[in-house]
Amino acid sequence: MYIYNMSKNRYTIIILLVFLFVGNKTLIAQNNQNQKQVTNLIQPPYLKAGDTVAIVAPSGILKNRKDEVEHAKQLLKRWQLNVIVGEHVFSQDNHFAGTDQERCEDLQNALDNPNIKAIWCARGGYGTVRILDKLDYTKFLKQPKWIIGYSDITALHNQIHNLGVQSLHAMMCVSLPKDESEIEQTIATFKKAIFGETLSYTLEGSNYNQVGEVTAPIVGGNLTILHTMLGSKTSIDTSGKILFIEEIGEYKYHIDRMLQSLKRAGYFDNCKGVIVGDMTKLRKNTTLWGTSIEQLILDALSDYDFPIAFNMPAGHEDDNRALILGRKATLKVEKTKSTLVFE
């Protein structure tokens with residue numbers, strides 16, 4: 001009886017080992033497949049003369065900003081593009097540019113319309129996250145198009161990224177001043193990105209830079225939005241990627257708290273690099289933090305040896321250069337300068 005039990009136990013152990021081995025291989029294969037889907041993103045077709053761009057407002061209210069949207073329309077028309085403005089762009093529902101249903105309807109119509117080749121968000125603010133789970137991407141995935149914006153639109157970029165499509169972190173309609181020469185490079189890089197010209201940047205050096213070189217897809221956007229996406233299906237996997245971050249109007253300790261939360265969630269464990277954009281209008285707490293924002297970021301990421309580049313002109317400043325999210329780029333970081341070249 002004892003011998004029988006021993007044989008039976010061995011047999012059971014062998015079966016379990018085989019199951020675990022096969023199951024683990026299957027899981028690895030599934031994970032590799034998922035990683036492949038997210039790292040080899042679909043590039044929407046570049047725009048050409050005669051194409052149509054839709055302007056939508058998935059976030060904050062556009063009160064008294066019709067002139068700015070009109071100015072943005074004229075910019076696109078000078079580039080020989082047609083423009084459609086969403087029906088509810090100037091609607092008002094307290095904080096938002098219309099109700100959740102109205103904002104969702106405009107964006108959904110733009111996603112579904114095969115004649116629209118790009119969707120340009122009028123502004124950010126807050127509100128995109130309220131409509132994310134209402135959107136249907138069935139038609140969009142059959143005919144992908146560029147989604148353009150920054151700040152709160154990071155939530156939409158995350159969702160698009162996880163669907164396997166590139167998107168564009170760039171200026172929005174309300175970013176356009178009357179004197180366009182004030183943001184010449186912002187406009188120029190936006191135009192280059194949507195028409196398919198090569199994007200490359202040389203960034204001002206910084207003693208805070210963590211030197212190194214890497215080629216990987218770029219993901220990211222507004223730090224607060226990235227942080228609030230944690231634990232949801234819209235959170236992005238930064239494994240094998242360069243993370244771009246920017247922020248506005250936060251206390252330093254808030255920024256540290258968000259970075260620590262991302263770190264504890266494993267956000268940086270397999271990250272290949274970090275690009276730090278504008279940290280704009282930082283608020284002063286009664287208890288001073290005690291270091292620069294650059295040192296704060298370096299301290300939070302001190303466990304990692306990947307390259308970290310500061311001084312990327314992208315975010316909430318007037319000089320907001322375009323970044324193609326999901327596109328591979330080579331980041332070379334030195335103390336004297338950094339370069340970023342998209343493939």
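Contact is taken here as heavy atoms within 4.5 Å. By that criterion, and leaving aside neighbours within four places in sequence, Asn158 is in contact with Leu226, Met229, Thr234, Ser235 and Ile236. Asn158 lies in helix H5, residues 154-162. Helices (H or I, at least four residues) and strands (E, at least two) are DSSP runs numbered from the N terminus. Asn158 is buried, at a relative accessible area of 2%. Buried denotes under 20% relative accessible area, exposed over 50%, and partly exposed in between, with a 1.4 Å probe and protein chains only.

The structure is a predicted model, in which local features need pLDDT of at least 70 and side-chain atom pairs count only at pLDDT 80 or more, while totals for chains, interfaces and linings use all residues. Residues are numbered from 1 along each chain as its sequence is written, and side-chain values use heavy atoms, with hydrogens and water left out. Confidence in each residue is given by the predictor as pLDDT, from 0 to 100. The protein chain has a mean pLDDT of 91. A value of 70 or more is reached by 89% of its residues. Over residues 1-37, pLDDT stays under 50. For that segment the model has 4 contacts beyond four places in sequence.

Nonpolar packing was examined next. A nonpolar core is a set of buried Ala, Val, Leu, Ile, Met, Phe, Trp, Tyr and Cys residues joined through side-chain atoms within 4.5 Å. The largest such core has 51 residues. Trp120, Leu168 and Leu340 have the most contacts inside it. Beyond its neighbours within four places in sequence, Leu168 is in contact with Trp146, Ile147, Ile148, Gly149 and His157, among others. Its partners also include Phe190, Ala193, Ile194, Ala322, Leu323 and Ile324. A second, separate core has 26 residues, among them Leu243, Met258, Leu296 and Phe306.

Two strands pair if DSSP finds at least two bridges between them. Strand E9 (residues 273-280) runs parallel to E10, and 2 bridges join them. Val274 stands opposite Ile308 in E10.

Charged pairs were considered last. A salt bridge requires a side-chain nitrogen of Lys or Arg within 4 Å of a carboxyl oxygen of Asp or Glu. The structure holds 9 of these. One of them links Glu70 with Lys73, with the closest N and O atoms 3.5 Å apart. Both residues belong to helix H2 (residues 66-78); they are 3 residues apart, so about one helical turn separates them. Glu70 is partly exposed, at 35% relative accessible area, whereas Lys73 is buried, at 19%.

Asp319 forms a salt bridge with Arg321, with 2.6 Å between the closest N and O atoms. Asp319 is partly exposed at 27% relative accessible area. Arg321 counts as buried, at 18%. Lys332 and Glu334 also meet through their side chains in a salt bridge, at 3.8 Å from N to O. Lys332 is partly exposed, with a relative accessible area of 36%. Glu334 likewise counts as partly exposed, at 28%.
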